[in-house]
Amino acid sequence: MTPTIRFVLFQGVIIIPFMAGYFLKQRIRDAEHATKRIINANLALVEPVVALWSIWGLKLTGDLIVLPVAGFLTVTLGLLFGILFVRFVGGSTKKRATFLISSSLANHGFTMGAFICYLFMGERGLGLAFIYISYFMLFLYGVIFPYARKTGQGPEEKKSLRRYFISLQNMPLYAVLLALLLHALGISRPAVPAPIEFLIMVSVSAYYFSLGINFSFSDMGNIGKESAALACIKFLLVPAVTIGALSLLPIEGTLKKIIIIQSFMPAAIYSVISSLLFDLDSRLASGLFVSNTLLFIFAVFPVMFFVMG
């Protein structure tokens, strides 16, 4: 796959479905229900297959432990910078909590970071990206959700939170664990072709189509100050610290490239999900997610592609 094709492919599977969803949303009777069905189908049927196949095909070595550690440190770094910036942002307690969560959680997963790793490094890059984000569930359930629950609706959400531990929405995580188990048992991946590239395109396009269905320019609102602060954290400070740290560590080759790519990722969709689940500022979360993602697609990614592609 040539660099030009990779660039066009990335833009195409994100922008075209997003715009299609946005312009077709008036024809969809229940956009929220349609979005949930699309996302749940992706999480339950498509993404687990890609994760299982990609990781199962890797040659796992001890040095890969650096990837989830780097992932955890990256989101922690974003949270620390968010704490520094939150006084500048101001607002209510819920607004500040929403900004902190958006500062921390980054789109390291299938819909951005892992997909870009696939574009740059093929199936191996995709598999290593899934190793990188194995930190996610522990951080989400151990740090982000408890904080959001405490700030938002309070202890009545505990029952709702427990449902997320055993859920079809966690199928990608279960697929990662299954792939690691197969490795531990010494069971090799079958030498048969699999339509992984097709499944990737379908999955990413479906996610951004569902985002377009629910997007409204009113969500952007008056959040220029918050958007600028978040962009500074995501695209300047976190990458700068990450690259500086890597220059001092004996990490080279593909692992270093994975970590650098992931350090530039925009806010994660789970920042919006957290705000909805725990009654934080969901309009701010949605506006920050969209503005941060669009800035990445149209400004940050082209530069990254030119430098690293």
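1. With 24 residues, H3 reaches 33 Å from its first C-alpha to its last, close to the 34 Å expected at 1.5 Å a residue. Here a helix is a DSSP run of H or I with at least four residues, numbered from the N terminus, and the expected span is 1.5 Å times one less than the number of residues. H3 also bends by about 35° at Ile83, the bend being the angle between axes fitted to the seven residues ending there and the seven starting there. Just after H3, Gly90 has a positive phi of about 70°.

2. A word on the source: this is a predicted model, in which local features need pLDDT of at least 70 and side-chain atom pairs count only at pLDDT 80 or more, while totals for chains, interfaces and linings use all residues. Residues are numbered from 1 along each chain as its sequence is written, and side-chain values use heavy atoms, with hydrogens and water left out.

3. Next, look at the partner of H3. H3 (residues 66-89) packs with helix H10 (residues 224-246) at an angle of about 145°, their axes 10 Å apart; axes are lines fitted to C-alpha atoms, for helices over the stretch in contact, and angles run from 0 to 180 degrees between N-to-C directions. Among the residues making the contact are Leu77, Phe81 and Phe85 of H3 and Ala229, Ile233 and Leu237 of H10, where contact means heavy atoms within 4.5 Å. The contact residues divide into 11 nonpolar, 4 polar and 2 charged (Ala, Val, Leu, Ile, Met, Phe, Trp, Tyr, Cys and Pro count as nonpolar, Asp, Glu, Lys and Arg as charged, and the others, Gly among them, as polar).

4. Do have a look at H5 (residues 113-132). A straight helix of 20 residues would span 28 Å, but H5 spans only 10 Å between its end C-alpha atoms. H5 has a kink of about 145°, centred on Met121. Of its 20 residues, 17 are buried, so H5 is largely enclosed by the rest of the structure (buried means under 20% relative accessible area, exposed over 50%, partly exposed in between, with a 1.4 Å probe and protein chains only).

5. Leu295 sits in helix H13 (residues 282-308) and is partly exposed, with a relative accessible area of 36%. Not counting residues up to four places away in sequence, Leu295 touches Ala231, Phe235 and Val300.

6. Finally, Asn40 belongs to helix H2 (residues 31-56) and is partly exposed at 33% relative accessibility. Asn40 and Asn170 are 130 residues apart in sequence, with their C-alpha atoms 9.8 Å apart in space.

Notes
Helix = DSSP H or I, 4+ residues; strand = E, 2+ residues; numbered from the N terminus.
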